[in-house]
Amino acid sequence: MSEVIEVKHPLVQHKLTMIRNEAVGTKDFRTLVDELAMLLTYEASADLPLETVPVKTPVQETKAASLAGKKLAVVPILRAGLGMVDGILQLIPAAKVGHIGMYRNEATLEPVEYFVKLPEDIAQREVLLVDPMLATGGSAKDAISALKLRGATQIKLITLVSAPEGIQAVQEAHPDVTIVTASIDEGLNDEGYIVPGLGDAGDRLFGTH
Ligand code: PRP
Ligand code: URA
């Protein structure tokens, strides 16, 4: 079974509580989502491999740690995942960015894929798949399958708010994928919204209804 990391850091929990508040408008919502994405990426990247490299400081030559191994790709699930990309790129500026377009049919809650554009060398990269909301898990499951179909083998899913139903669905379909999230909420309501959640992340990020 894949690992689930719920990040309990006080800054993460504080900022998450702020974006749950329905009174927070688009501008602040965007800023906070960016900041949360950065903080979760710090946790998600804690196991990146290091190698020892020579470095000459102004004082003397030494050996010190440097990132080794696979390069990274950030892949947002459109639209709402876009709100997390800039925050991640502030930490990992050399990462390439792919896009997977997916929306939920509001009647069936089934995901519909409408766009996939990934770096050519996606198979050689560790992928951070990002979406603020993991509800039924349908969108994340299909996005992971789309990545695997194109050769990706090392994938982490970063979300802000997750429902237990979505976590279970991803774990069953993709036991190799680690999930990093700021919160595991109570569950889903009859309309497929996460409870207590934060509402429709895409609409709140982009000011649409
Ligand atoms: C939201 C969210 C996820 C999906 C989660 O996107 O950003 O992609 O729903 O739900 P699921 O786990 O039940 O699949 P939405 O379909 O609202 O599209 P949007 O990002 O374009 O607003
Ligand atoms: N998508 C959202 O944006 N919010 C939810 O609560 C569920 C799916």
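Which polar backbone atom is 2.9 Å from an oxygen atom of ligand 1? In this predicted model, the backbone atom in question belongs to Ala 135, and it is one of several polar contacts to ligand 1 that are set out below.

| Protein atom | Ligand atom | Distance |
|---|---|---|
| Asp 131, polar side-chain atom | oxygen atom of ligand 1 | 2.4 Å |
| Gly 137, polar backbone atom | oxygen atom of ligand 1 | 2.8 Å |
| Ala 135, polar backbone atom | oxygen atom of ligand 1 | 2.9 Å |

Taken on its own, ligand 1 has 500 Å² of accessible area, of which the protein covers 91%. Ligand 1 sits in the largest pocket, and 15 residues lie around it, with Arg 104, Asp 131, Thr 136, Gly 137 and Ser 139 coming nearest.

By residue class, the shell around ligand 1 divides into 6 nonpolar, 5 polar and 4 charged residues. As for secondary structure, strand 6 (99-104), strand 9 (133-134) and helix 4 (138-149) each supply at least two residues of that shell.

Notes. Residues are numbered from 1 along each chain as its sequence is written. Chains are lettered from A and ligands numbered from 1 in the order in which they are written. This is a predicted model: local features need pLDDT of at least 70, side-chain atom pairs count only at pLDDT 80 or more; totals for chains, interfaces and linings use all residues. Side-chain values use heavy atoms; hydrogens and water are left out. A residue is near a molecule or strand if one of its heavy atoms lies within 4 Å of it. A polar contact is a pair of N or O atoms within 3.5 Å; within protein, one must be able to donate a hydrogen and the other to accept it, and residues adjacent in sequence count only if both atoms are side-chain atoms. Accessible areas come from the Shrake-Rupley method with a 1.4 Å probe; for residues, only the protein chains shown count as cover. On a 1 Å grid over the protein atoms alone, a cavity is a set of points where a 1.4 Å probe fits but cannot get out, and a pocket is an open set with protein on both sides within 12 Å along at least five of seven lines; lining residues have an atom within 4 Å of a point. A molecule sits in a cavity or pocket if more than half of its atoms lie within 2 Å of its grid points. Helices (H or I, at least four residues) and strands (E, at least two) are DSSP runs, numbered from the N terminus. Ala, Val, Leu, Ile, Met, Phe, Trp, Tyr, Cys and Pro count as nonpolar, Asp, Glu, Lys and Arg as charged, and the others, Gly among them, as polar.
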